[in-house]
Amino acid sequence: MTTMKRQKSPCNNFDLLSEELILSILDRLDSNPLDKKSFSLVCKSFYSVESHHRTTLKPLRSDHLKKTLTRYRFVTHLDFSLCPRITNASLSAAASVCGGMLRSVDLSRSKFFTHVGLSGLVTNCSNLVQIDLSNATELRDPAAAAIGEAKNLERLWLARCKGITDMGIGCIAVGCRKLRSINLKWCLGVGDLGVGLIAVKCNEIRSLDLSYLPITNKSLPSILKLQYLENLVLEGCFGIDDDSLAVLKQGCKSLETLDMSSCQNVSHVGLSSLTSGTGCLRQLTLAYGSPVTPALADTLQRLSTLQSIKLDCCPVTCSGLKAIGNWCVSLREISLSKCLGVTDEGLSSLVTKHKDLRKLDITCCRKITHVSIAHITNSCTSLTSLKMESCTLVPKEAFVLIGQRCLLLEELDLTDNEIDDEGLKSISSCSKLSSLKLGICLNITDKGLAHIGMCCSKLMELDLYRSAGITDSGILAVAGGCPGLEMINTSYCQDITDSSLMSLSKCSKLNTLESRGCSLITSLGITAIAAGCKQLIKLDIKKCCNVDDTGMIPLAHFSQNLRQINLSYSSVTEVGLLSLASISCLQSMNILHLKRLTPSGLAAALLACGALTKVKLQASFKSLLPKPLFEHLEARGCVFQWREKVLQAELDPKCWKLQFVDVQ
């Protein structure tokens with residue numbers, strides 16, 4: 001009698017890997033959130049280790065929050081920014097499971113919770129150090145009082161919490177003594193009393209944003225006594241004037257960055273106090289402020305540690321720029337975006353003296369010519385960022401100088417300029433380029449773009465908006481030479497076809513594709529993008545009339561990271577919209593003028609898309625859909641935007657440029 005030998009179960013080789021090795025693998029899977037999900041499904045040991053490894057969770061819906069948190073018990077950061085409906089019950093579930101492990105929570109895009117939920121969260125999660133409540137416009141002082149119980153809190157965002165007053169801020173000031181950073185931007189109910197309490201009680205403050213608060217000179221003395229204050233934002237504080245700044249003479253030696261944009265009652269007289277009181281100021285922002293005159297320049301030149309100055313939208317005089325050029329300080333960053341009065345004489349004088357510049361913004365300085373570009377490129381050879389959109393008097397020959405002399409450029413914005421293929425060929429020598437904007441550049445063609453594709457392998461962002469001379473061959477060159485491409489805009493490049501999308505599908509890191517107005521694109525191209533670019537987050541195919549439902553099915557299957565899609569004026573119907581409902585993180589849809597979309601089909605699609613937070617629709621549907629449907633969707637956190645706009649014919653790019661009108 002033969003004995004039956006017991007068969008051994010086949011060995012799982014993955015079980016032989018050490019936990020340290022598995023954790024090392026997980027550390028390298030951060031780029032695509034779906035990768036970790038796939039990893040956890042390999043085997044039981046991977047599933048268990050991945051559960052213990054994850055410390056950050058970004059839920060899409062609150063329905064299964066408690067079950068999810070039970071699996072991920074070591075989460076320290078909860079990000080609800082993709083989850084619009086967070087109720088008190090949701091916060092209670094998070095508090096009961098996470099407890100003392102939780103250190104950070106982001107509720108900046110969430111609604112439907114009250115002070116009751118916040119109180120439970122703070123009480124049970126005693127180690128919270130960071131809370132973001134930006135945009136919580138419904139919260140009132142009881143919510144601030146609940147936050148005041150978070151004794152270990154270090155960073156707090158309350159931007160646009162317009163219902164909170166000095167009384168609520170007082171509770172936070174008394175309770176959260178360890179605060180290092182607080183953002184009160186647009187908290188219109190907070191004034192001198194609340195800000196003063198924060199300054200007096202929270203001695204550890206490093207960063208303070210008081211933008212657009214109705215504060216006056218009463219609160220500044222206590223603010224400037226904060227011995228560790230490094231970053232102060234006073235943008236739009238109209239109650240601050242020259243007399244208010246006199247307290248700066250008492251000193252604020254720790255201050256490194258100061259933003260006084262849109263402080264319309266502050267002149268060089270008040271800023272003179274700044275120069276005598278601050279010891280290590282590195283960055284100063286005076287956008288939408290006083291004219292840039294010799295008096296202002298002479299006042300600021302005493303800031304011996306200043307490295308960056310932003311003067312966007314300030315009136316500028318030639319003598320003022322020359323005076324800045326005469327500073328003994330060596331600036332690293334200058335921003336003159338939309339400054340009226342910038343001329344070749346003034347700008348050339350400035351850049352000739354500040355040869356260590358790394359960043360220069362001369363957007364919409366429409367008076368400068370070849371002369372300025374020659375001086376910039378000759379003096380500032382270490383530039384890493386140059387923004388010069390709409391410098392329309394600069395001739396095409398000047399752009400050659402950029403590529404010849406500024407080889408360290410990483411960011412270059414040439415939108416709405418006269419650059420041609422020779423200029424692009426020269427700029428391709430800037431091999432470190434990661435961002436290149438060529439929108440409305442009507443003189444460039446595939447020939448010039450091919451040089452960028454061949455030489456700029458680090459390119460991550462490319463904007464070709466309305467650059468009508470670009471076709472498939474140019475896109476093919478970029479897609480083949482720039483494998484790390486993450487964003488591309490080919491909108492209104494009307495010769496673009498599916499061939500471009502097929503070549504771009506090889507760029508696996510692509511997350512943003514804007515191709516509106518490319519009428520030759522069909523569902524075949526969309527299918528290629530869906531299959532190849534699984535990290536796609538934003539897709540804009542407005543006015544791509546040949547894209548239909550057959551393109552939505554592969555998107556639904558492959559593009560599980562898609563959050564925003566614009567399908568207006570396409571040939572998609574409710575069938576395609578229903579397919580997209582399987583994308584669990586889809587939040588925003590623009591679906592204007594879909595000719596074959598029926599009210600019943602639209603209603604079904606809207607109900608099926610459970611994560612929607614914004615939908616843009618034709619106003620005619622408002623009366624065709626039942627009111628309870630809107631109430632239900634709004635209760636889930638969805639906001640509707642209604643449009644009356646009728647279909648308009650496309651303009652020729654050159655005609656459009658002359659009229660400065662973007663046909664939406």
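Me: By class, how many nonpolar, polar and charged residues does the lining of the largest cavity have?

Reply: In this predicted model, a search of the whole structure finds two cavities of 30 Å³ or more, and the largest cavity has a volume of about 80 Å³. Its lining is made up of M260, C263, V266, L271, L286, A287, G289, S290 and L296. Sorted by class, these residues come to seven nonpolar, two polar and no charged.

Me: Does T257 count as buried or exposed?

Reply: T257 is placed in strand 9, which covers residues 257-259. Buried means under 20% relative accessible area, and because the relative accessibility of T257 is 16%, T257 counts as buried.

Me: With which side chain does the side chain of T257 make a polar contact?

Reply: Leaving aside neighbours within four places in sequence, T257 is in contact with E230, N231, L232, L281, R282 and Q283. Among them, the residue whose side chain makes a polar contact with the side chain of T257, at 2.4 Å, is N231.

Me: Does C638 count as buried or exposed?

Reply: C638 lies in the loop between helix 25 (627-635) and strand 24 (639-643). Since its relative accessibility is 5% and buried means under 20%, C638 counts as buried.

Me: What distance separates the C-alpha atoms of C638 and L612?

Reply: Not counting residues up to four places away in sequence, C638 touches L612, T613, K614, V615 and L633. One of these, L612, is 26 residues apart from C638 along the chain, and the separation of their C-alpha atoms is 5.7 Å.

How values were computed
Residues numbered from 1 in each chain as written. Predicted model: local features only at pLDDT ≥ 70, side-chain atom pairs only at ≥ 80, totals over all residues. Heavy atoms only, no water. Helix = DSSP H or I, 4+ residues; strand = E, 2+ residues; numbered from the N terminus. Buried < 20%, exposed > 50% of the residue type's maximum accessible area, 1.4 Å probe, protein only. Polar contact = N/O pair within 3.5 Å; in protein donor to acceptor, adjacent residues only side chain to side chain. Contact = heavy atoms within 4.5 Å. 1 Å grid on protein atoms, 1.4 Å probe; cavity = no way out; pocket = protein on both sides within 12 Å on 5 of 7 lines; lining within 4 Å. Points joined across faces, edges and corners; volume = space filled by probe spheres on them. Nonpolar A, V, L, I, M, F, W, Y, C, P; charged D, E, K, R; others polar.
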